[in-house]
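Student: Can we walk through this one together? I'd like to start with the overall layout and then look at the rings and the core.

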Amino acid sequence: MSIIQSTDLEAQGLLNDQSSALQIKGKWFRPGPAFTKSLLQTALEFCEDARNQGRQYLLIEFPTYFMAWQRIRPKKSTSPSQKPPASPQDISPQTSPPPNPTAQPSPSTGPPDLSTKATLASVNRIFINRCKTELAIHVGPMADFLTEQILKQSPQLSPQQFIDALAQQIPDPQAALAFRKTLE
């Protein structure tokens with residue numbers, strides 16, 4: 001298994017701290033588990049085990065950790081405006097679009113209510129997992145631990161307070177701001 005350097009992807013403009021998906025040769029990947037540098041062998045074994053179970057991962061090396069990016073198969077659109085990539089060599093990052101303050105999401109499919117009235121108890125696990133995934137981009141393998149610790153210590157936080165508490169765990173202020181924007 002090859003290890004891709006994050007700096008190479010960043011230098012090509014293919015990966016940034018807001019990337020929530022990555023397209024390489026027409027295949028889509030999203031961030032998965034992160035591993036400290038000392039756990040390289042574990043990361044490689046994880047990817048190998050996943051491959052044996054029919055799942056595909058890329059292993060990307062960041063300055064302080066490794067992250068396995070899982071291949072996903074987006075739902076196919078029947079829209080005629082969807083065009084296939086120009087060539088199989090196309091590689092492009094996918095970042096979360098900026099929030100639309102005038103949009104009114106439907107209760108069943110839209111983002112969770114981030115007002116102070118809603119508590120994390122009323123927020124679904126998908127939102128919490130999304131927060132973990134986004135946090136892992138910035139802090140690596142500590143994301144799971146930090147997220148669960150904050151949930152345990154402060155279960156009555158609103159979703160916005162939860163996002164803010166997680167952002168405080170990111171040492172780089174610009175990265176913390178990007179994290180907040182991605183989730184709001």
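Student: In what order do the elements of the protein run from the N terminus on?

Tutor: Keep in mind that this is a predicted model. The protein has 6 helices and 6 strands. From the N terminus on, the order is β-α-β-β-α-β-β-β-α-α-α-α.

Student: What share of the contacts with a separation of 6 or more is between residues 24 or more positions apart?

Tutor: Contact here means heavy atoms within 4.5 Å. Taking the contacts in the protein with a separation of 6 or more, the part from residues 24 or more positions apart is 69%.

Student: Are the rings of Phe-46 and Tyr-57 stacked or edge-to-face?

Tutor: You need two things for a ring pair: the distance of the centres and the angle of the planes. For Phe-46 and Tyr-57 the centres are 4.9 Å apart and the planes sit at 70°. Over 60 degrees counts as edge-to-face, so the Phe-46 and Tyr-57 pair is edge-to-face.

Student: Which parts does that pair tie together?

Tutor: Phe-46 is partly exposed, at 24% relative accessible area, whereas Tyr-57 is buried at 8%. Ring pairs also link these two with Phe-35 into a cluster. Phe-46 belongs to residues 40-52 and Tyr-57 to residues 57-61, so the parts tied together, 11 residues apart in sequence, are helix H2 and strand S4.

Student: And Phe-62 with Tyr-65, stacked or edge-to-face?

Tutor: Both partners are buried, Phe-62 at 8% relative accessibility and Tyr-65 at 4%. Their ring centres are 4.9 Å apart with the planes at 15°. Planes under 30 degrees apart count as stacked, so this pair is stacked.

Student: Which residue lies over the face of Phe-66?

Tutor: Look for a charge within 6 Å of the ring centre. There's one at 5.2 Å from the centre of the Phe-66 ring, and it belongs to Lys-37.

Terms used: Residues are numbered from 1 along each chain as its sequence is written. This is a predicted model: local features need pLDDT of at least 70, side-chain atom pairs count only at pLDDT 80 or more; totals for chains, interfaces and linings use all residues. Side-chain values use heavy atoms; hydrogens and water are left out. Helices (H or I, at least four residues) and strands (E, at least two) are DSSP runs, numbered from the N terminus. Rings of Phe, Tyr and Trp (its six-membered ring) pair if their centres lie within 6.5 Å; planes under 30 degrees apart count as stacked, over 60 as edge-to-face and the rest as tilted. Buried means under 20% relative accessible area, exposed over 50%, partly exposed in between (1.4 Å probe, protein chains only). A charge sits over a ring if NZ of Lys or CZ of Arg is within 6 Å of the ring centre and within 35 degrees of the ring normal.
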